Each structure stands twice: as C-alpha cells, then as structure tokens.
Amino acid sequence: MLEPPASSVPDVYQLRVALRHISPLIWRRLLVRSESTVADLHAVLQIAFGWSDEHLHRFVIQGRHYGDGGRADLRRVRLGDLGLRVGERWLYEYDFTDGWQHDLRLEH
C-alpha cells in the first residue's frame, strides 16, 4: 500500500493546557491537528475540562483576539495558519464572570 505524500499528512500539535491561578495545578495535554480551526480547539477544551459551553470565551493568540468580542471568525482560522512555534504560549479564557483562564503552550 502506498503512503500519502508527507505534505498531505496533517501535523499534530501537542498542547499543554493549564488553568491559571489555581492550586493544586489542573492541566491537560492535548493532541490537535494543525488543520483544526480555533473553533475546533474551543470544542476540544470544553470536553477536556468538562465545561458545558454555556459561557462566553475567547483566545488571545499572538496579540489577536478570537472568540466572543473578537473580529476573526473562529471557524475560518486554522491553527496551522497561525505560524505557531514550539514553546509559544497563548490564552484561552472561558466564562468572563468567573474568569477561567487557561495557559496554552505548544510543546511540539
């Protein structure tokens, strides 16, 4: 069986996600495809942390806001198009009233 060319195989990002300002530390390690959208990442985070998607949310990635109050359509922005680098960090905030802030870091 022939394998597809390397260029057609999506990259997989390993992310470390930790809740800020909480002890003991609560964190998850996630694998997401580079072809996933920011909206897909939101859905994955909802599942990983047991949230119920009942509150506003946003990402701050490379100084740009994505999500509620952001200008970009989360369904059109692919992670692979953001030019993320290993070690890069960004913020995911869920429930603006309670302020659940998650620190995301690209591990590889």
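Helices (H or I, at least four residues) and strands (E, at least two) are DSSP runs, numbered from the N terminus. The structure described here is a predicted model, in which local features need pLDDT of at least 70 and side-chain atom pairs count only at pLDDT 80 or more, while totals for chains, interfaces and linings use all residues. Residues are numbered from 1 along each chain as its sequence is written, and side-chain values use heavy atoms, with hydrogens and water left out.

**Overall fold**

The secondary structure of the chain comes to 1 helix and 6 strands, and from the N terminus on the elements follow the pattern β-β-α-β-β-β-β. The strands form an open sheet with the order 2-1-6-5-3-4 and antiparallel pairing, where two strands pair if DSSP finds at least two bridges between them. Strand 2 and strand 4 (64-67) stand at the edges with a single partner strand each, so one side of each is left without a neighbour in the sheet. On average, and with direction ignored, neighbouring strands of this sheet are turned by 25° against each other; axes are lines fitted to C-alpha atoms, for helices over the stretch in contact, and angles run from 0 to 180 degrees between N-to-C directions. Helix 1 packs on the sheet, touching strand 1, strand 2, strand 3, strand 4, strand 5 and strand 6, and its direction makes about 145° with that of strand 2.

**Pairing around strand 6**

Strand 1 and strand 6 pair in the antiparallel sense over 5 bridges, and strand 5 is joined to strand 6, also antiparallel, by 6 bridges. Strand 5 and strand 6 form a hairpin with 5 residues between them, and aspartate 95 in the turn has a positive phi of about 70°. Individual residues that face a partner in strand 6 are listed below.

| Residue | Partner in strand 6 |
|---|---|
| leucine 15 | leucine 106 |
| arginine 16 | arginine 105 |

**Core and burial**

Of the 108 residues in the chain, 39% are buried, a term that means under 20% relative accessible area, with exposed being over 50% and partly exposed in between (1.4 Å probe, protein chains only). A nonpolar core is a set of buried Ala, Val, Leu, Ile, Met, Phe, Trp, Tyr and Cys residues joined through side-chain atoms within 4.5 Å. The largest such core has 25 residues, of which Leu15, Leu41, Leu45, Phe59, Tyr66 and Trp90 touch the most other members. Helix 1 gives the most to this core, with 5 residues.

Contact means heavy atoms within 4.5 Å. Leaving aside its neighbours within four places in sequence, tyrosine 66 is in contact with Val38, Arg58, Phe59, Ile61, Ala72, Leu74, Val77 and Leu82.

**Two contrasting positions**

Histidine 42 is found in helix 1 (residues 38-49), and this residue is buried, with a relative accessible area of 7%. Beyond its neighbours within four places in sequence, histidine 42 is in contact with Asp53, His57, Phe59 and Tyr92. Leucine 25, by contrast, lies in the loop between strand 1 and strand 2 and counts as partly exposed, at 48% relative accessibility. With neighbours within four places in sequence again left aside, leucine 25 is in contact with Arg16, Ala18 and Leu19.
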